[in-house]
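Work through the exercises below with the sequence and the model open. Each task is followed by a solution in steps.

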Amino acid sequence: MSLHPVLQIHDCHIIIRDQSILKQVSFEVDKGRITALVGHNGAGKSTVMKAVTGSLEKAGGTISINGINQDQNFSEYKYQFSYIPEEPLLLNELTVFQHFQLYQKSYDIPDHLFIERIQVYAEAFELMDKLDEYPEALSKGMRQKAQTICALLPDVPLLLIDEPFMGLDVYAGAYLEKLLKERRDLGTSILLTTHQLEKVHDLADDFVMLKNGRVSSAGIVEEFDQLDRRGSS
Amino acid sequence: MNFSTWEVYCWVRSQRLQKKRNLYQQAFLVNFDITVIVYCLIFGVLLLFITADWLDRFLPLVESSQAQIQQVVWLLPAVVFLRSCSQSFFHSGLAFTTSELNMSMLPHTRSHLLWHIALIRGGMHLAGAFAAALLFGWITPFTYSFVFYLAAVFSLFFILTILIQWKLFSLSRWQKLSSVVTAFLFIAGLRYVVSALDLHAGWVGWLLGLVLLGVNIYILPRSLQGVDWGRTVEVNDARVWNIKLISHITGTSIKPPKRYGVLQTFLRSRRAKQRFNEIHQLYHRLWRHHLHHKFSYVWKTLLISAVIVVVLPAQTYWVIYISLPVAVYVYIEMAASLFADQFQEHPLLNIIPIEEKGWLSTFYRWAAGGLVILFIFFAAAVGFLKGFHLAFIIQIIALIFWSMYDLHLRLQERVNVVQQKNIQVQEVLRLCGYLFLGAGVYVSPVVLGVFLPPLIKIYLNKRPFYRSAA
């Protein structure tokens with residue numbers, strides 16, 4: 001399979017309150033690959049995610065998805081990814097189903113695909129009886145499930161997932177893992193952050209390790225296994 | 001080594017104060033000059049001496065007013081009591097925050113913590129009241145005995161109402177309201193009985209004090225029963241960390257999330273949970289909530305518009321030539337800011353693609369609705385001041401056209417900013433439109449000039465080199 005990069009981060013630099021959080025970060029995520037972004041607490045994993053989503057302003061560097069530059073065509077760029085944050089970002093004004101409707105319209109998801117996916121995902125994530133509830137009436141795990149379904153509704157080239165298994169129960173976690181692999185096989189690229197090293201082994205094809213805001217190593221996941229065994233992580 | 005609850009609470013409190021002090025210091029250093037502060041302090045002290053000297057001249061007047069105030073001191077307990085009842089609608093009085101709640105998970109009971117908070121609050125108010133009395137007695141010609149007497153009455157009743165406010169806060173709004181009404185009726189009844197029995201008015205205070213003491217004795221063992229901890233902590237967190245200077249300077253206020261009042265209950269009715277048949281319903285829902293959340297800006301904008309379109313021209317009519325364009329401009333800028341705010345406030349709307357057409361058309365309706373009020377203001381001002389005539393019809397048509405057109409452009413401009421698009425803005429044409437609008441109120445045919453900027457824009461867009469530059 002010929003690999004072509006979907007996400008390209010080049011020389012990305014982020015400064016928050018006069019502190020360099022990311023320093024010359026460069027890496028790529030190839031089409032149909034799952035890349036795990038790993039590193040210690042405070043290494044800059046979530047910052048990378050926020051920079052890719054455009055929530056954080058860059059001090060330098062470029063980010064593009066499918067060749068669409070974040071700085072040059074932001075509105076089109078946003079159609080290239082969907083994001084599952086570590087903490088659910090649901091609106092208090094909308095019920096779970098209404099959130100799905102917002103995603104449907106925002107990503108222009110056809111009706112038949114939307115209904116089909118809602119049925120399948122809500123059933124699998126055991127959210128069927130919570131569809132008409134407001135976020136505050138749900139547990140954190142349920143909110144996380146709702147947010148996960150939102151991000152899985154559109155067919156986008158890149159899925160960004162910050163700590164995907166945080167807050168999910170075992171069954172939901174296993175189902176999400178299966179879904180991510182299916183999406184990958186269909187050609188979706190996935191960038192995820194996780195602290196769970198066994199998930200990196202089971203799920204990821206590639207890894208990027210961050211250390212103090214810099215990329216310390218990157219490669220295929222087998223190389224990560226060797227790093228792990230040497231205790232270098 | 002075991003620390004007592006008091007020691008731990010004092011330590012946490014001192015750390016909190018230190019953190020707040022650091023924040024205040026930072027805010028001060030950024031915004032004030034040390035030399036200016038020193039000068040202000042010196043002049044402040046001098047001012048106090050001058051005031052004391054100046055007030056001495058009014059000694060006879062103050063002496064007579066002191067006697068008058070003494071006649072109505074009996075009102076002070078009632079005022080303090082009613083004040084605490086009304087304050088219970090907003091906060092519990094005792095700053096039981098998340099930190100205290102977390103401390104209660106350690107071997108420190110909530111009742112002990114509550115006692116310490118109450119003790120410190122009572123003590124601080126006592127010290128504050130007497131310090132204020134001392135200062136007042138020194139500066140003003142009121143006698144020390146009189147001001148200390150007032151401070152003592154205030155402090156006594158303040159302490160007696162601390163627990164009452166705490167308990168009332170966790171009750172429902174209706175229960176609180178009925179408590180306030182009952183308290184008011186009780187005090188009125190007490191006053192009636194005292195005057196009917198021809199007793200000294202001070203008896204009202206004494207009797208109220210006894211009743212409050214009884215209520216406190218009743219509440220004391222029940223102070224932790226039925227407390228809405230979630231709300232208490234939420235409100236107190238916002239109060240404790242709402243550092244006034246920083247809030248003022250940054251123009252932000254940390255308010256506890258609003259509870260669901262009558263409107264919110266309606267907004268969250270079963271009907272509101274229904275799935276949308278049409279996506280515009282969803283956008284309208286989000287705009288309605290957003291505008292409700294930002295209502296203070298909405299009403300202030302409309303009020304300012306009313307003042308500059310109706311009130312100012314009522315004083316001097318020619319002002320309307322300037323005030324009308326200014327009012328339209330202010331309104332549209334504010335509407336555009338509120339529009340962009342929606343996307344900046346919600347992190348979710350930051351990360352998903354924005355379906356421009358739907359968001360724009362739905363907000364346009366809300367903003368246009370507000371503009372109608374502005375048109376009514378203008379019609380009322382012209383009607384009252386000049387009377388309706390043919391020129392007025394031309395003016396109102398031009399006003400409606402220009403306002404709607406400019407609103408459309410501004411919203412498009414803001415959505416471009418949100419979408420980080422680089423689009424050229426034609427400010428000169430906009431300025432011309434507003435000039436025509438203002439001049440058109442003076443010489444009505446000129447108002448037709450507001451149709452020129454859109455026509456020029458269409459013409460410019462047809463020119464290929466200009467289109468590519470834009």
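Buried means under 20% relative accessible area, exposed over 50%, and partly exposed in between (1.4 Å probe, protein chains only). Helices (H or I, at least four residues) and strands (E, at least two) are DSSP runs, numbered from the N terminus. The model is predicted: local features need pLDDT of at least 70, side-chain atom pairs count only at pLDDT 80 or more, and totals for chains, interfaces and linings use all residues. Residues are numbered from 1 along each chain as its sequence is written, chains are lettered from A and ligands numbered from 1 in the order in which they are written, and side-chain values use heavy atoms, with hydrogens and water left out.

**Exercise 1.** Find which residues of helix α21 (residues 452–462) of chain B are buried, and how they lie around the axis.

Step 1. P453(B), P454(B) and L460(B) are the buried residues.
Step 2. Viewed down the axis of α21(B), the buried residues fall within an arc of 125 degrees, so they line one face of the helix. The arc is that of the directions from the helix axis to the C-beta atoms.
Step 3. L455(B), Y459(B) and K462(B), on the other side of α21(B), are exposed.

**Exercise 2.** Check the span of helix α3 (residues 96–107) of chain A, then judge its burial.

Step 1. The expected span is 1.5 Å times one less than the number of residues. For the 12 residues of α3(A) this should be 16 Å, and the end C-alpha atoms are 17 Å apart, which agrees.
Step 2. Of the 12 residues, 11 are buried, so α3(A) is largely enclosed by the rest of the structure. Among them are F97(A), F100(A) and Y107(A).
Step 3. Just after α3(A), D108(A) takes a positive phi of about 55 degrees.

**Exercise 3.** Describe the open sheet of six strands in chain A.

Step 1. The strand order is β6-β7-β8-β3-β9-β10, with mixed pairing; two strands pair if DSSP finds at least two bridges between them.
Step 2. β6 (81–84) and β10 (214–220) of chain A are the edge strands, each pairing on one side only.
Step 3. Strand β9 (residues 206–211) of chain A pairs with β10(A) in the antiparallel sense over six bridges, and V208(A) stands opposite A218(A) in β10(A).
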